[in-house]
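Let's learn to read a protein model together, one feature at a time. Have a look at the picture before we start.

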Amino acid sequence: MTQTPTPSVPPFIESDEREFLDSGIPSTVAIAKHPLHPLIVTFPIAFLTGAAGADVGYWLTGDNFWARAAIWLIGAGFISGLVAALTGMLDFLRIDRVKKHSAGWIHMVGNVTALALTLVNWYIRWDNVEGAIFPAGIIISIVVASLLGITGWFGAELIYRHKISVIGASPRQEP
């Protein structure tokens with residue numbers, strides 16, 4: 001493996017000059033060659049980071065509006081997260097280059113973990129919207145929002161450094 005103009009910091013940020021110079025691998029889930037996963041992930045990210053913000057709003061004000069907003073954001077984040085996970089998992093399973101890099105595995109495992117924690121967060125609040133926020137709900141929300149920041153970084157590594165899910169002509173299966 002040779003160095004690209006962007007230095008490699010193994011094992012978390014890997015670099016391969018062949019990938020850096022090729023045209024990229026198109027997503028397996030696209031409309032008119034536009035990959036859907038990068039578009040769809042904006043929804044669960046917004047909803048679930050918003051839920052963390054709503055929890056903090058409830059903590060600071062005690063206003064039940066924030067507790068109700070948080071449970072709706074968590075539910076919307078979980079449902080939209082399932083759709084994003086489906087599109088991402090299809091690329092993960094069908095594009096060899098994704099599985100080849102630690103960024104692909106960290107992105108996938110981290111997001112599955114975030115979805116599992118979101119489901120737990122939604123469940124504990126279902127019949128106790130305000131009471132479940134302290135301490136478990138707010139902790140889970142902040143952990144999920146932090147996880148999404150980390151997994152988003154690695155998702156960007158897949159797109160920008162490894163050229164996965166871009167409009168390109170490289171084969172999905174590598175020799």
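Q: What should I know before I start reading?

A: This is a predicted model, where local features need pLDDT of at least 70, side-chain atom pairs count only at pLDDT 80 or more, and totals for chains, interfaces and linings use all residues. Residues are numbered from 1 along each chain as its sequence is written, and side-chain values use heavy atoms, with hydrogens and water left out.

Q: OK, how many helices and strands does the chain have?

A: Helices (H or I, at least four residues) and strands (E, at least two) are DSSP runs, numbered from the N terminus. Here you get seven helices and two strands. Going along the sequence, the pattern reads α-β-β-α-α-α-α-α-α. The C-alpha trace spans about 55 × 35 × 20 Å along its principal axes.

Q: What share of the residues counts as buried?

A: Buried means under 20% relative accessible area, exposed means over 50%, and partly exposed is in between (1.4 Å probe, protein chains only). By that rule, 43% of the 175 residues are buried.

Q: And how do I read contacts along the chain?

A: A contact means heavy atoms within 4.5 Å. Take the contacts between residues at least 6 apart in sequence: 76% of them join residues at least 24 apart. Glu14 sits in the segment before α1 (17-21), and it counts as buried because its relative accessible area is 17%.

Q: Can we zoom in on one helix? What is the reach of α3?

A: The expected span of a helix is 1.5 Å times one less than its number of residues. Helix α3 covers residues 42-61, 20 residues in total, and reaches 28 Å from its first C-alpha to its last, close to the 28 Å expected. After α3 comes Gly62, with a positive phi near 70°.

Q: Which residues of α3 are buried?

A: They are Pro44, Leu48, Ala51, Ala52, Ala54, Asp55, Gly57 and Tyr58. Their cover includes α2 (37-40), α4 (64-94), α6 (102-125) and α7 (133-161).

Q: Which residues does UniProt list as "transmembrane region"?

A: UniProt positions are given in the numbering used here, feature names are shortened, and annotations may be inferred rather than shown by experiment. The unreviewed UniProt entry lists residues 39-60, 66-93, 105-124 and 136-156 under that name. In the model, residues 66-93 are 100% helix and 0% strand, with end C-alpha atoms 39 Å apart. Residues 136-156 are also 100% helix and 0% strand, and their end C-alpha atoms lie 30 Å apart.

Q: How do I look for empty space?

A: Rolling a probe the size of a water molecule over the atoms shows where empty space is left. On a 1 Å grid over the protein atoms alone, a cavity is a set of points where a 1.4 Å probe fits but cannot get out, while a pocket is an open set with protein on both sides within 12 Å along at least five of seven lines; lining residues have an atom within 4 Å of a point. Grid points are joined across faces, edges and corners, and a volume is the space filled by probe spheres set on the points.

Q: What is the volume of the largest pocket, and what lines it?

A: Its volume is about 630 Å³. The lining has 30 residues, and those nearest the centre of the pocket are His37, Val41, Gly88, His107 and Asn111. At least two lining residues come from each of α2, α3, α4, α6 and α7.

Q: What about the largest cavity, which residues line it?

A: The largest cavity has a volume of about 40 Å³, and its lining residues are Leu48, Ala51, Ile74, Leu117, Thr118, Asn121, Ile140, Ser141 and Val144. Two or more of these come from each of α3, α6 and α7.

Q: Is Lys33 buried or exposed?

A: Lys33 counts as exposed because its relative accessibility is 64%. Ser165 counts as buried, at 12%.
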